[in-house]
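Visitor: Hi, I'm new to this one. Can you show it to me, and then we'll talk it through?

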Amino acid sequence: MVRSVTNLGRSGVFDWLIQRVTAYVLALYTLFLLGFLLFTDVDYASWAGLFNQSWFRIFSLMALLSIGAHAWVGLWTVTTDYIKATAPRFLVQAFCGVVMFVYTVWGVQILWGL
């Protein structure tokens, strides 16, 4: 069995499962925010009140981590399909990985005020 060291999961099935679970988390998060925006008179106080609740911060953190995992599996799949040369593919994947890491750390800092 060929094992790749660059993909997120241990196998294609694991990557497929990551894509599906993260898609559900992101869909639930999107639907919740859409419902909040439609059924709440959104102003600074209501928005700050929502983000001051721990459950919503955790939900937002789950969505943030889901975006990173979902994007990584997708980008890994696309780059391995379309960039056949090893060095350019590695550079593109490394760049994407660094960008996603920076965005994730930045998002955690914004959410939790670290």
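Guide: Let's start with the largest pocket. Helix α4 gives the largest share of its lining, five residues. Keep in mind that this is a predicted model.

Visitor: Which residues line the largest pocket, then?

Guide: The lining is made of Phe51, Ser60, Leu64, Tyr103, Trp106, Gly107, Ile110 and Leu111. Helices α3 and α4 (86-112) each supply at least two residues of it.

Visitor: What classes are the lining residues?

Guide: Six are nonpolar and two are polar.

Visitor: New topic. At what angle do α1 and α3 pack?

Guide: At about 140 degrees. Helix α1 covers residues 12-39, and helix α3 covers residues 54-82. Their axes are 8 Å apart. That angle is why α1 counts as oblique to α3.

Visitor: Is the crossing of α1 and α3 left-handed or right-handed?

Guide: Left-handed.

Visitor: What kinds of residues sit in that contact of α1 with α3?

Guide: There are 17 nonpolar, six polar and one charged.

Visitor: Let's switch to rings. How many aromatic pairs are there in the whole structure?

Guide: A search finds 12. One of them is Tyr29 with Phe59, an edge-to-face pair. The ring centres of Tyr29 and Phe59 are 5.1 Å apart, with 75 degrees between the planes.

Visitor: Where in the chain do Tyr29 and Phe59 sit?

Guide: Tyr29 is in helix α1 and Phe59 is in helix α3. They are 30 residues apart, and the pair links distant parts of the chain.

Technical notes
Residues numbered from 1 in each chain as written. Predicted model: local features only at pLDDT ≥ 70, side-chain atom pairs only at ≥ 80, totals over all residues. Heavy atoms only, no water. Axes fitted to C-alpha atoms, helices over the stretch in contact; angles between N-to-C directions. Helix = DSSP H or I, 4+ residues; strand = E, 2+ residues; numbered from the N terminus. Parallel < 35°, antiparallel > 145°, perpendicular 65-115°, else oblique. Left-handed = near helix turned anticlockwise from the far one by under 90°. Nonpolar A, V, L, I, M, F, W, Y, C, P; charged D, E, K, R; others polar. 1 Å grid on protein atoms, 1.4 Å probe; cavity = no way out; pocket = protein on both sides within 12 Å on 5 of 7 lines; lining within 4 Å. Phe/Tyr/Trp six-rings, centres within 6.5 Å; stacked < 30°, edge-to-face > 60°.
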